[in-house]
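Trainee: I would like to go through the aromatic ring pairs here and the reasons behind the labels they get.

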Amino acid sequence: MTTNSATTTTTSLINADITLLIAEQTDLPTLLALASTNKHLNGLINTYEHSIIKSKITTAIPNPLLQPPLGSVLSSHSSSIRQILPPWSFQVAAELERRHARTEAMFNISTAPPTPLISAMFRVPSFAALPRQQFTQLVDLFKRACSLADHICDLALLVKIPAMARELSAVDPYVVQKAIHRTRQGFIKGLEPLDLALLTHLAALGGMAYAEEMGELMSSDPEGLERMVAFKETILREGSAALWGFLHPKEGEVIEGNGPPSLPPRARGSGLGRYIAGKVEGVLRDLHAYEMGLKERDHEEAEGEGEGEWADKEGVREGGWEDDDDDDPFVVLHGLHQTVMGAFPKPVEEPKDDGGDAVIEDESEQWEGEGVDYEEVDIEGEDVSSEEEGEIEEEEVEEEEVFPVEPREQLILEVVRSAVPCSV
């Protein structure tokens, strides 16, 4: 009897281990279906919920710096609020899978007509010119940028969760928001140049898609351009939820009223769209506060007043929303979009002389008559420098129109082309 009991116990342990291994490898709907098959499995899976979810997330996101902060994320289901989900829970896994599914849908290159973001990508000449395989690789990079934007959004929990432990109501909301913003800025400044380039262009694509969705409302709105700028900022603050709420509203959801003016017509029935629109309007108010601050300072400077007050705030004018005065409750912080732009390495400028002309380092590059004798040799090695001026006929070559490619775009293209060489 003892032997049979021991054997039964051993078998149960083995079955439990196998069940937990299966639970870690399966998707959430299958896992929950498995838990509902009998009481024993339900109890086992719920008992080991944290370890199962932590294993699943670690496998899906190997980089610990990109894993959910403190094991939690912000919800983004179609409602008017983003909740803090319990750490390492089924809800966290469900939210991550929801984000992944949405990102796949937003960047689905097989959809006809193209999704708003894919359509925006086709409007970038250098992107549209890529062969299909390289374009697919580019799309994968932007999916990665979406995940990165989601993580930047979730970094708010590094501030919110500890603040909740100290009773959030007792903490100044402005102090909390400023700490969240600083935390996000610090993370952005530590990113690699490629990630910075991708985030910049993800926001740009979102802005282009937003303008397309707004249509004539964009041109008729006196603050249309400012709202587009605010939406680009919101993408970095709210992650893929901002793109989904505005560009892919939930079908069949009905909410009375038209909502804020920044809300695209198709998204007016979406709870998530309403939430994002509120965030866009909040960023727009920040922009107005920033502009009013500049106007007030310019007026004070014109009147000969306020010089000392603004002496340490020159960064506001030159760098965007930049100000390091932590004690001023009215300071508008440097926007995340501007932080992403500013963190990208600046190109090395060629040295210039006092006249502003580029300095030629190698004297052999100078022509005769500029201080150095230069021997021009043709491809066959014959000296042609003695020929009189005007005797050499230069073939007229028609220059093709070349679209300028800025450094971030160039970096993205280089990565794509190196990953997927163009077939001959």
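Mentor: In this predicted model, ring pairs join Phe107, Phe127 and Phe142 into a cluster.

Trainee: How many aromatic pairs does the pairing rule give?

Mentor: The count is 6 aromatic pairs.

Trainee: Why is the pair of Phe107 and Phe142 called stacked?

Mentor: Ring centres must lie within 6.5 Å to pair, and planes under 30 degrees apart count as stacked. The centres of Phe107 and Phe142 are 6.4 Å apart and their planes are at 5°, so the pair is stacked.

Trainee: What makes this a pair that ties together separate parts of the sequence?

Mentor: Phe107 is in the loop between helix 5 (90-106) and helix 6 (116-122), while Phe142 is in helix 8 (residues 132-154), so the parts tied together are 35 residues apart in sequence.

Trainee: Are Phe107 and Phe142 buried or exposed?

Mentor: Buried means under 20% relative accessible area. Phe107 has 2% relative accessibility and therefore counts as buried. Phe142 has a relative accessible area of 0%, so Phe142 is buried as well.

Trainee: Why are Phe231 and Phe246 called a stacked pair?

Mentor: Their ring centres are 4.9 Å apart and their planes are at 10°, so the pair is stacked under the 6.5 Å and 30 degrees cut-offs.

Trainee: Which parts does the pair of Phe231 and Phe246 tie together?

Mentor: Phe231 belongs to helix 13 (residues 224-238) and Phe246 to helix 14 (residues 240-247), so the pair links parts 15 residues apart in sequence.

Trainee: How do you know whether Phe231 and Phe246 are buried or exposed?

Mentor: Phe231 is at 0% relative accessibility, so Phe231 counts as buried. Phe246 has a relative accessible area of 0% and is therefore buried.

Methods. Residues numbered from 1 in each chain as written. Predicted model: local features only at pLDDT ≥ 70, side-chain atom pairs only at ≥ 80, totals over all residues. Heavy atoms only, no water. Phe/Tyr/Trp six-rings, centres within 6.5 Å; stacked < 30°, edge-to-face > 60°. Helix = DSSP H or I, 4+ residues; strand = E, 2+ residues; numbered from the N terminus. Buried < 20%, exposed > 50% of the residue type's maximum accessible area, 1.4 Å probe, protein only.
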